Structure formats: C-alpha cells, structure tokens
Amino acid sequence: MEEKNETSFSGFILLGFSDRPYLELILFVVLLILYIFTLLGNATIITLSYLDPNLHTPMYFFLSNLSFLDMCYVTSSVPQFLFNLSGTDKSISYAGCVTQLFVSLGLGCTECMLLAVMAFDRYAAVCRPLHYTVIMHPRLCSLMASASWIFGFTNSLVQTVLTFILPLCGRNKIDHFFCEIPALIKIACVDTRSTESEMFFASVVSLLIPVSLIMFSYGQIVRAILRIKSAAGKRKAFGTCGSHFIVVSLFYGTGIYAYLQPSNNYSQDKGKFTSLFYVIIIPMINPVIYTLRNKDVKGAMTKILWKIHGLMSV
C-alpha cells in the first residue's frame, strides 16, 4: 500500500534541514521574523517613494522596482519553507515546484539586470549631472525597467524548461528547502553535463555580463569623483553610490558562488546556507542599506510620520 502511494505521488519532497531537526524550530521562528521585517521594510520604501514628491526621481523609481521585486522574491520560497518547517509534511506538488523555480529564478535574473540599470543611473547622475534629467527621462526609465523584467523571466523560462525535461526516474527527494536548479539537477538519472554547460552559459549571461557593466560604470564614477575638488561633493557622490555598491557586492557575490562553480565542488549543505542568505537576508537588508545614510528617505519618513501624528491628534 505504501509503495502504491509513493508511486502515485506526483510531487517532490523538500528535505531542507530535516537531517538537523534541532534547527527546524529555530529556523521557523527566525525566518518568520525576518520575512515580516523584509515585507515591512520593502513596503515602506515603495510607500515613501509613491507619497513623497521629492522621491519621484529615476533613482527611487528603480529602488521601488527593486523593493517590489524583493518582496515577491522572498514570497516565492519562504512561505513554502515555513510550512514545511512547521510540521512533518515537506512535500510540494510538481506544478508548485515548476512555478517556484520559474518565479524565483525569474525574479533573481531580473534583479541582476535591474542592479545594472541602477548602476547606469548612478553613472548618469555623477558623470553627466548637467544632462541627467535629459538622459534619464521617464520613458527610458520605464523601458529599462520593463526590459529587465522581460529578460529575467525569458531567461528563467529557458532554464526551467531545460531543468524539468531531465528524466528523474522516480526520484523525488530534493536535498534543499526550495526548488533550485543545482539541487534539481542532482536528482536526474542521466548524464547532466550538457545541461550543466547550458546552465553555466545562461548564468554567465545573467550574472557576469551585468556585473561587468556595473564595474565599468563604477570605474567611470570613481574617476569622476576623484576629479571633484570639494570634499563635501566627494562625500555626497560616494554616499549616493555607496549603498548600491554594497547591495551589488552582496547579491552578485552569493549568486556567483551559488551558480558559477563546478558541480563536483558543489556542497549541498553550503548551497542551502548560501541560498538562505540570498533568499531572505539580502532582501531584508536592502531597505536598511539604502535608507541608513539616505537623508531624502529619512526626511520623507519624518514628514509622513508627522502627517500621521497630526491626523491622529485631530
């Protein structure tokens, strides 16, 4: 009877951290708190950018896109992981796994492109300040943001199809907490070297090309900043670009580690903890990094809070 049920099961088992049961309750509590803070922090950025006219600029338009993307990204995997941690049922349907991979990978690829677009925006602001409003006009901003989303999900569609056409021969236990390409390839029952080569090429396109454009932009930005004679002007320029560069370093560093290493060097345990970092930690700290030293956002938040206080006092 058990064999029949197991054979008829058309989904996957996400093993997650089931080999460390003592971690599951701790992870559930910590992840739930981090998930709530991630949603609140990114929703705050979006709300402030919408309500304060001073933040109706290209920089905050892209930052709002990034915050919305991060909210969707954590929601694509964390609720399922929390559900699996909360009990003995660690299953996910086949359709659910396909959807989770497609959405999370699409959002991740979109963020790669969006961070490159934001670097170009900072390049225009620092290196072409007199022509900034002409270069970064609303139509171009919308076009670049749309192109990032289209590229991200097109790339995700290709990689998702390549992953799920691999025969599994009845294997359905994924040694991960969500459906991710390296873990899914591990359970295929055929030689996956050609698929891994195709995935590696796709990862190079979505990771290394944008990061190369970012490095070029920041090279030009540093040259422009060094030519600024005023110390206050240098500090302002570094402050404007510093937050974005920190986010880029964290995101691309973990992404390159996870996707651009040989499969024989891929450690499942390290992969899980790396995934935890870029799935939940980076989306949570992004709003903090962007607002910690940002006077515009702090000013907008103060004004909104005073308005709320005034309405409550009436």
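**Exercise 1.** In this predicted model, find which backbone oxygen lies 2.7 Å from a polar atom of the side chain of Ser 104, then describe the surroundings of Ser 104.

*Solution.* 
- Step 1. The oxygen in question belongs to the backbone of Gln 100.
- Step 2. Ser 104 is part of helix H5.
- Step 3. A residue counts as buried under 20% relative accessible area. Ser 104 has a relative accessible area of 5%, so it is buried.
- Step 4. Leaving aside residues up to four places away in sequence, Ser 104 touches Tyr 73, Ser 76, Phe 178 and Cys 179.

**Exercise 2.** State the order of the strands in the open sheet, and explain why one side of E2 and of E3 is left without a neighbour in the sheet.

*Solution.* 
- Step 1. The sheet has 3 strands in the order E2-E1-E3, and its pairing is mixed.
- Step 2. Strand E1 (residues 11-14) runs parallel to E3, and 2 bridges join them. In one of these strands, E3, Ile 174 is the bridge partner of Leu 14.
- Step 3. Helix H5 (residues 94-127) packs on this sheet and touches E1, E2 and E3. The direction of H5 makes about 85° with that of E2.

**Exercise 3.** Determine how many residues of H3 are buried, and compare the reach of the helix with its expected value.

*Solution.* 
- Step 1. Helix H3 covers residues 58-75, which is 18 residues.
- Step 2. From first C-alpha to last, H3 reaches 26 Å, close to the 26 Å expected at 1.5 Å a residue.
- Step 3. Of the 18 residues, 13 are buried, so H3 is largely enclosed by the rest of the structure.

Key
Residues numbered from 1 in each chain as written. Predicted model: local features only at pLDDT ≥ 70, side-chain atom pairs only at ≥ 80, totals over all residues. Heavy atoms only, no water. Pairing = 2+ DSSP bridges. Helix = DSSP H or I, 4+ residues; strand = E, 2+ residues; numbered from the N terminus. Contact = heavy atoms within 4.5 Å. Axes fitted to C-alpha atoms, helices over the stretch in contact; angles between N-to-C directions. Expected span 1.5 Å × (residues − 1). Buried < 20%, exposed > 50% of the residue type's maximum accessible area, 1.4 Å probe, protein only. Polar contact = N/O pair within 3.5 Å; in protein donor to acceptor, adjacent residues only side chain to side chain.
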